[in-house]
Amino acid sequence: MASVTSLTASVHQRLADALSAALPEAGTADPLLRRSDRADFQANGILALAKKAKANPRELATRVVERITSGSAGDVIEDVEVSGPGFLNITVADRAITENLAARAADAERLGVPFAERPGTTVIDYAQPNVAKEMHVGHLRSAVIGDAIVQILEFTGETVVRRHHIGDWGTQFGMLIQYLDEHPHELDHKGSDGAAASGEEAMSNLDRLYKAARRLFDSDEEFKTRARRRVVDLQAGEPKTLAIWQKFVDESKIYFFSVFEKLDMEVRDPDIVGESGYNDMLEETCRLLEESGVAVHSEGALCVFFDDIKGPDGNPVPLIVRKSDGGYGYAATDLSAIRDRVGNLKASALLYVIDARQSLHMRMVFETARRAGWLTDDVKAFHLPFGTVLGKDGKPFKTREGETIRLVDLLDEAIERATVVVREKDTQGRLSDEEIAERGTQVGIGAVKYADLSTSANRDYKFDLDQMVSLNGDTSVYLQYAYARIQSILRKSGEARPAAHPELALAPAERELGLHVDRFAETVAEVAGEYAPHKLAAYLYQLASLYTTFYAECPVLKADTPAQVENRLFLCDITARTLHRGMALLGIRTPERL
């Protein structure tokens, strides 16, 4: 189905046409339209145009109003008045609101949201845990933000290639591989019921093995020597060493998949391309940088220098591509990944959802890639930095013992708290224990995701489960209950069905709700263009809030006439569908009953 022109766009076009007619010498003029508390919209562009044309702004505004009222704009614009020195306050016709919403409702899949005009290929790097290490609270934001952006970009028609750049290479693997080689049955385990180990059991065993290997490494010089020799074997591709390393990777993936499944995220094995995936490119990357003069030798290391990046002592801070001992730094891997993503995956955009503390590193990597010609004007590279998850005390979120909190423990507690809320809300006992557990999971995981996504990515936020699972305020639970309330109304509607009635006048709360629903398409476009899921969360919270006002002020099933019942059921239905689609783009479920 064709996309639906938003009311904002329709009003904008009619004002622009009227401006051009009233002041032909201005050519195509921008009316500078925005939402207003005094009317549905306000146009401020006349002031600048009048100044440029040396005309009286109020007189020009009056001529524009005459053009609008005498032309065909009345199908959308019901009233327009001149305010102040030359502003225009515009009220949209009730019929136009209802007809636009009806057109959106007819598009069951997309609600009239258009595809991007020029979609490309975005490679997004997000959710990057480390092999043989448990995921902790610090892994939450990259996963949640990245997954939401994937959903949003794909919805707009962008081709999205997911990349999970896991930490699966480095000197610590020499220690782990050597220990497992000497204790070969450490990972030959079954789960507690004798079946294959679960993800959490697999990681528990890996964690135990890592600690045992570390103790031996720190206390036994001969083992330390053997472990370091293993690093050389690993980098050289010695078959037995690689086979043991692969076992660590496979065991870790079992765990990763279990955590991502709990987060209600799809992570596919082909999309996991860790540091090791670029090993074969590292030497060539260094050679190309050196031959092009982008990188130079400094104190035995291969480095890239920048005029505007200096340390506290005033000396340049380089990007080290290859260390003085011949080992490759993270930069070599990141630059090789750019070469692969642009050259082989044909990316038109590279997006990195990575901790804000890596901002300088990413800036240096991008600049190096541009100097080398691997990033051209046709490819944009963007680092979406995210802040820290804080505890209620405003400090980095840790256990009472000062340890980093395991992500799975955090999610389990959120589900537990949410299940209590769902059970308490089910005062009439309509939900079975199984349904309560299912809803508790959906509400708990949704609460964690929404708390993250409703905050601008580059800001820190406090992890407060009491607030997250609250029915009041800017929480996913508030949005989920708004959706469930609508579904309850629709179930109770009997023979009455949602149907648009453009001939009906709308109450103020109906108008506000309808105008906001109509903004969904432009909100999605803005969010996709700015990689800003927090703006979608804000839109959805306002939608739920406006629905709450509508519900309080406008009886639905007891409206005055059958036509009004149908029209208000229609408003309920299109609101619910918009909530459902918007929450899905954020990776959050909307249960039919709560």
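User: How many aromatic pairs does the count come to?

Analyst: This is a predicted model, where local features need pLDDT of at least 70, side-chain atom pairs count only at pLDDT 80 or more, and totals for chains, interfaces and linings use all residues. Residues are numbered from 1 along each chain as its sequence is written, and side-chain values use heavy atoms, with hydrogens and water left out. Rings of Phe, Tyr and Trp (its six-membered ring) pair if their centres lie within 6.5 Å; planes under 30 degrees apart are stacked, over 60 edge-to-face, and the rest tilted. By this rule the count of aromatic pairs is nine.

User: What angle lies between the planes of Tyr 255 and Phe 256?

Analyst: Tyr 255 and Phe 256 form a tilted pair, 6.0 Å centre to centre. Tyr 255 counts as buried (under 20% relative accessible area; exposed is over 50%, partly exposed in between; 1.4 Å probe, protein chains only), because its relative accessibility is 1%. Phe 256 is buried too, with a relative accessible area of 1%. The angle between the two planes is 55 degrees.

User: How many residues apart in sequence are the parts that Phe 520 and Tyr 539 tie together?

Analyst: Phe 520 and Tyr 539 form a tilted pair, 5.8 Å centre to centre with 40 degrees between the planes. Both residues are buried. Helices here are DSSP runs (H or I, at least four residues), numbered from the N terminus. Phe 520 lies in helix H18 (residues 520–530) and Tyr 539 in helix H19 (residues 533–553), so the parts tied together are apart in sequence by 19 residues.

User: Which residue has its charged end over the ring of Tyr 551?

Analyst: Tyr 551 forms one aromatic cluster with Tyr 547 and Phe 550. A charge sits over a ring if NZ of Lys or CZ of Arg is within 6 Å of the ring centre and within 35 degrees of the ring normal. Here the charged end is 4.5 Å from the ring centre, and it belongs to Arg 485.

User: Which side chain makes a polar contact with the side chain of Thr 590?

Analyst: Thr 590 is in the segment after helix H20 (562–585). Thr 590 is buried, with a relative accessible area of 10%. A polar contact is a pair of N or O atoms within 3.5 Å; within protein, one must be able to donate a hydrogen and the other to accept it, and residues adjacent in sequence count only if both atoms are side-chain atoms. At 2.7 Å, the partner side chain is that of His 580.

How values were computed. Helices (H or I, at least four residues) and strands (E, at least two) are DSSP runs, numbered from the N terminus.
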